[in-house]
Amino acid sequence: MARHHLINGIKVPFTAQEEADWDANEAAHAAKQKKTVEAKPYIAKRKLAYPQIGDQLDMLWHSIDQDTALKSKYFSFHQAILAVKAKYPK
Amino acid sequence: MALVKLNNRGVRSVTDFGGTTALGTYKFIKKVTASSSSTISFVDGSSSVVLDDTYKEYLFTFKNIHPSANQNFEFNVSIDTGSNYNVAKTTSFFRAQHLEGGSSQVFSYETGDDLAQGTGVARISNLCGTENDMNVSGYLYLFNPSSTTFVKHFMSRVNSTFTSSDATVDLHMAGYANTTSAVDAVQFSFTSGNIDAGDICLYGIN
């Protein structure tokens, strides 16, 4: 089907060159989509499903807090969060 | 002048209201309805479209913009009445999201949807679904497009139905066209496919 622009409400058919350019753009886009979205459909689903960054960091801190070796390894991170928790206790 | 109490009969008989043009008002300029259109453009100077120094601020409203493919709703601007849409733009883009199922509340900056001096299209909305009830609705402001001194700021906010996940996505984009030439045309499109349906209205603001 011939494409058109809608310029100020008036239909203006694509020129042959514009049709060719648009076809090329769509083909390039489809190829890119195939590489990313179609080949890896889980990407968009994961993007929507991951917890918020703050929640992820909170889970990470609690995991570290339960492990002596990790507490030592990530001392600065653990202590910085711990200091806030101590300052504003539940 | 004596005050006259208005009633239905009085208003129905009115043939003209007193001028209020000195007040700040939204002035409707043009409504364009998509019909499987690859692009929708508003170009200054024809078909009653004004996009010049008549107004210092312009508003585009999007109602039920429906894509033919799952794609991004985008725009670009021109400084040569639509011969070329290729002005350098820098934008920021962030989203808030919530799924119908009540999960996945997210607020995030979208690094893949912004521009840094890009001359291609600027993204207004990311992946909108094609199911019959899915669409993008919202607005875009363009400030002082005819200035030959300043860059041209713009900002949009739309709500979209996200592809295949039944999510509401509140999308914020803002930026500027990095030119001191007058912007006199604006074009809307999807990354691929057509704008199947929907209305775009243009208003000037005093």
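## Chain B in outline

How many helices and strands does chain B have? In this predicted model, chain B is built from 1 helix and 13 strands, and the order of its elements, read from the N terminus, is α-β-β-β-β-β-β-β-β-β-β-β-β-β. Chain B has 206 residues, of which 48% count as buried, and the chain exposes about 9900 Å², with carbon and sulfur atoms supplying 52% of that area. When contacts in chain B between residues at least 6 apart in sequence are considered, 75% of them join residues at least 24 apart.

Is B:Ile124 buried or exposed? The relative accessibility of B:Ile124 is 0%, and therefore this residue counts as buried.

Leaving out residues up to four places away in sequence, B:Ile124 touches a set of residues that includes B:Phe62, B:Phe73, B:Glu74, B:Phe75, B:Phe93 and B:Leu140, and B:Ser156, B:Val158, B:Leu171, B:Met173 and B:Phe188 are also among the residues it touches. In space, the C-alpha atoms of B:Ile124 and B:Asn72 are 7.4 Å apart, although the two residues are separated by 52 residues in sequence.

## Salt bridges within chain B

Over all chains, a search of the whole structure finds 7 salt bridges. One of them joins B:Arg123 to B:Glu74, with 3.4 Å between the closest N and O atoms. This pair links distant parts of the chain, since B:Arg123 belongs to strand S8 of chain B and B:Glu74 to strand S4 (residues 71-78), 49 residues apart. B:Arg123 counts as partly exposed because its relative accessibility is 22%, whereas B:Glu74, with a relative accessible area of 5%, is buried.

Another salt bridge is formed by B:Asp170 and B:Arg157, whose closest N and O atoms are 2.6 Å apart. Here strand S11 (residues 167-177) of chain B contributes B:Asp170 and strand S10 (residues 152-162) contributes B:Arg157, the two residues being 13 apart. B:Asp170 is buried at a relative accessible area of 16%, while B:Arg157 is partly exposed at 37%.

In chain A, the side chains of A:Asp23 and A:Arg3 meet in a salt bridge of 2.8 Å, N to O. A:Asp23 lies in helix H1 of chain A and A:Arg3 in the segment before S1, so the pair ties together parts that are 20 residues apart in sequence. A:Asp23 counts as partly exposed at 39% relative accessibility, and A:Arg3 counts as buried at 16%. These two residues also belong to a network of salt bridges in which A:Arg3, A:Glu19 and A:Asp23 are linked.

A nonpolar patch on the surface is formed by A:Ile53, A:Leu57 and A:Leu60, which together have about 290 Å² of accessible area. A:Ile53 lies in helix H3 of chain A, residues 53-65, and its relative accessibility of 59% is why A:Ile53 counts as exposed.

## Where the two chains meet

The contact between the chains takes 21 residues from chain A and 32 residues from chain B, and the two chains bury about 2000 Å² between them, 50% of it on carbon and sulfur atoms. In chain A, the residues that lose the most area to chain B are A:Leu6, A:Asn8 and A:Leu48, which together account for 38% of what that side buries.

At least two residues of the side of chain A that touches chain B come from each of strand S1 (4-7), strand S2 (10-13), helix H1 (16-38) and helix H2 (42-49), and H1(A) supplies the largest share, 5 residues. Strand S1 of chain A also holds A:His5, which counts as buried at 10% relative accessibility. The side chain of A:His5 makes a polar contact of 3.1 Å with the side chain of A:Glu18. Leaving aside neighbours within four places in sequence, A:His5 is in contact with residues of both chains, including A:Ile10, A:Lys11, A:Val12 and A:Phe14 as well as B:Thr39 and B:Gln187.

Note on methods
Residues are numbered from 1 along each chain as its sequence is written. Chains are lettered from A and ligands numbered from 1 in the order in which they are written. This is a predicted model: local features need pLDDT of at least 70, side-chain atom pairs count only at pLDDT 80 or more; totals for chains, interfaces and linings use all residues. Side-chain values use heavy atoms; hydrogens and water are left out. Patches are made of residues with over 30% relative accessible area and no salt bridge: like charges are joined within 9 Å, nonpolar side chains (Val, Leu, Ile, Met, Phe, Trp, Tyr) within 5 Å. Accessible areas come from the Shrake-Rupley method with a 1.4 Å probe; for residues, only the protein chains shown count as cover. A salt bridge is a side-chain nitrogen of Lys or Arg within 4 Å of a carboxyl oxygen of Asp or Glu. Helices (H or I, at least four residues) and strands (E, at least two) are DSSP runs, numbered from the N terminus. Buried means under 20% relative accessible area, exposed over 50%, partly exposed in between (1.4 Å probe, protein chains only). Contact means heavy atoms within 4.5 Å. Buried area is the accessible area (1.4 Å probe) that two parts lose on being put together, summed over both. A polar contact is a pair of N or O atoms within 3.5 Å; within protein, one must be able to donate a hydrogen and the other to accept it, and residues adjacent in sequence count only if both atoms are side-chain atoms.
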